[in-house]
Amino acid sequence: MIKIMISPNRYIQGPRVLKETGKYIVHLGSKGFFIGGLTALSIVQKQVSASLKEHSMEYQFEAFSGECTRASAAQLSKKARTFGADVVAGVGGGRAIDTAKAVSHELGSALVIIPTVASNDAPCSALSVQHTENHMFDRFLILKKNPDVVLVDSQVIAEAPTRYFVAGMGDALATWFEAFTCTKSGAKNLPGGVTTAAALNLARLCYDTLMEYGVSAKLSVDQNAVTPAVEKVIEANILLSGLGFESSGLAAAHGIHEGVIALEGTEGALHGEMVAYGTIAQLVMENYSREEIDSVIDFCNAVGLPVTLRQLGVSDASPRNLMKAAEVACMEGLTTNNSYFAINPELVLGAIIGANALGEASLKGS
Ligand SMILES: [Zn+2]
């Protein structure tokens with residue numbers, strides 16, 4: 001068994017680091033093509049461009065369609081190529097980041113990631129998840145390399161809506177459990193090896209950090225304040241979860257999340273919110289003790305992560321409807337297949353229903 005661990009070349013985190021963007025990325029090239037959503041670009045554009053000018057870097061900012069599809073990546077690649085970009089940067093949340101990754105992959109350029117929200121663990125990885133125009137899973141695009149620089153301005157993260165920060169904790173919540181499952185099943189991690197002690201311990205540290213600092217960090221972010229707890233959780237959401245999932249592996253939490261996306265009503269739910277629910281379902285499917293599952297559910301309730309299908313927007317929780325999600329979750333290529341036992345839609349359906357029942361019970365205080 002070959003162990004492989006991969007990571008971004010540089011991870012930089014701190015308040016107001018974006019004011020020094022040029023200093024941190026100028027070694028990568030001379031023409032930066034920045035891809036982001038309109039809101040994200042409006043937040044960073046002024047300070048980033050001022051810093052790039054100081055370092056004599058040319059730049060172009062380009063808004064993306066809002067969804068990471070093959071078509072949007074191809075269109076932006078064309079623009080980036082015309083501009084002559086040797087550095088592609090993704091600014092914003094997961095979809096903008098995944099789009100920039102696909103464009104950089106296409107161009108063979110350097111890659112910079114500037115998350116403006118800590119809502120998921122996409123920034124550090126060499127993976128771009130592409131969806132169809134209808135929000136359905138399309139494919140995992142594995143990049144030739146991880147980002148060259150991940151630049152995280154903790155002040156920007158703290159000023160973003162708390163919901164994103166909390167969703168990031170939902171994504172990070174799954175990391176340890178999925179990593180541990182992969183050690184049991186021997187499933188390969190994203191670079192095609194098995195986990196290292198380093199990656200596995202980072203995944204564990206991710207979970208422990210959430211449990212210790214998650215609630216206080218959330219309360220500070222409510223006030224747009226950067227505290228040591230906020231810094232810890234940003235690192236957990238972006239770096240620890242990113243390294244943990246990529247170099248240890250994903251399992252049912254993410255597979256079930258792909259299934260839940262397919263259900264009507266979940267269009268407004270964030271990736272991390274669905275992954276949090278997927279985590280509870282994974283624990284149910286793997287028959288964790290009630291105590292262990294309760295500590296995850298209690299955490300979700302304390303920070304405001306959904307624990308029921310209803311909270312995710314699913315109004316039809318009939319087994320017939322939920323079977324659609326279970327079937328998607330079992331699709332070939334999805335990570336539910338990294339479980340350490342044979343899976344099938346009936347088993348996953350039971351877990352989805354069981355998780356919902358425990359979540360509903362927790363809301364009633366039983
Ligand atoms: Zn995720």
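User: In this predicted model, what is the handedness of the crossing in which helix 11 passes helix 14?
Analyst: In the predicted model, helix 11 passes helix 14, residues 345–363, with a crossing whose handedness can be assigned. The two helices pack at an angle of about 60°, and their axes are 11 Å apart. The crossing is right-handed.

User: At the packing angle of helix 11 and helix 14, how are the two helices oriented to each other?
Analyst: The angle between helix 11 and helix 14 is about 60°. Roughly parallel requires an angle under 35 degrees, and roughly perpendicular runs from 65 to 115. Helix 11 and helix 14 are therefore oblique.

User: Which residues in helix 14 are met by helix 11, and how many charged residues does the contact have?
Analyst: From helix 11, the contact takes Ile293, Ile297 and Asn301, which meet Leu358, Gly359 and Ser362 in helix 14. By class, the contact of helix 11 with helix 14 has 3 nonpolar and 3 polar residues, and the number of charged residues is none.

User: How are helix 7 and helix 11 oriented to each other?
Analyst: Helix 7, residues 197–222, packs with helix 11, residues 290–303, at an angle of about 15°, and their axes are 9 Å apart. Because an angle under 35 degrees meets the criterion, helix 7 is, in its orientation to helix 11, roughly parallel.

User: What is the handedness of the crossing of helix 7 and helix 11, and how do the residues of their contact divide by class?
Analyst: The crossing of helix 7 and helix 11 is left-handed. The contact is made by Leu210, Met211, Gly214, Val215 and Lys218 of helix 7, together with Phe299, Ala302 and Val303 of helix 11. By class, these residues of the contact divide into 6 nonpolar, 1 polar and 1 charged.

User: How far apart are the axes of helix 6 and helix 10, and how many charged residues are in their contact?
Analyst: Helix 6, residues 162–185, and helix 10 pack at an angle of about 30° with their axes 6 Å apart, and their crossing is left-handed. Among the residues of helix 6 in the contact are Gly168, Asp171 and Phe177, while those of helix 10 include Gly272, Glu273 and Leu283. The contact of helix 6 with helix 10 divides into 8 nonpolar and 7 polar residues, and the number of charged residues is 2.

User: Which element gives the most to the side of domain 1 that touches domain 2?
Analyst: The domain assignment gives domain 1 as 10–158 and domain 2 as 162–363, and their C-alpha centres lie 25 Å apart. The contact takes 24 residues from domain 1 and 30 residues from domain 2. On the side of domain 1 that touches domain 2, two or more residues come from each of strand 1 (10–14), strand 7 (137–142) and helix 5 (154–159). With 4 residues, the element that gives the most is helix 5.

User: How many charged residues does the side of domain 1 that touches domain 2 have?
Analyst: By class, the side of domain 1 that touches domain 2 has 14 nonpolar residues and 9 polar residues. The number of charged residues on that side is 1.

User: Is Ser247 buried or exposed?
Analyst: Ser247 lies in helix 8, residues 228–248, and touches Met5, Ile6, Asn189, Thr195, Thr196 and Ala199, not counting residues up to four places away in sequence. The C-alpha atoms of Ser247 and Leu190, 57 residues apart along the chain, are separated by 6.3 Å. Because Ser247 has 27 C-beta neighbours inside 10 Å, and 20 or more qualify, Ser247 counts as buried.

User: Is Arg16 buried or exposed?
Analyst: Arg16 is placed in the loop between strand 1 and helix 1 (21–25), and its phi is near 65°, a positive value in a residue other than glycine. Because Arg16 has 12 C-beta neighbours inside 10 Å, and the class applies at 12 or fewer, Arg16 counts as exposed.

User: What is the value that phi of Asn287 is near?
Analyst: Asn287 is found in the loop between helix 10 (271–285) and helix 11, and Asn287 is exposed, with 9 other C-beta atoms within 10 Å. Its phi is positive, in a residue other than glycine, and is near 60°.

User: How far apart in space are Ser56 and Gly22, C-alpha to C-alpha?
Analyst: Ser56 has its place in the loop between helix 2 (38–54) and strand 3 (58–63), and is exposed, with 9 other C-beta atoms within 10 Å. Ser56 and Gly22 are 34 residues apart in sequence, and their C-alpha to C-alpha separation in space is 8.4 Å.

Definitions and conventions
Residues numbered from 1 in each chain as written. Predicted model: local features only at pLDDT ≥ 70, side-chain atom pairs only at ≥ 80, totals over all residues. Domains from an automatic or database assignment. Contact = placed C-beta atoms within 7 Å. Nonpolar A, V, L, I, M, F, W, Y, C, P; charged D, E, K, R; others polar. Axes fitted to C-alpha atoms, helices over the stretch in contact; angles between N-to-C directions. Parallel < 35°, antiparallel > 145°, perpendicular 65-115°, else oblique. Left-handed = near helix turned anticlockwise from the far one by under 90°.
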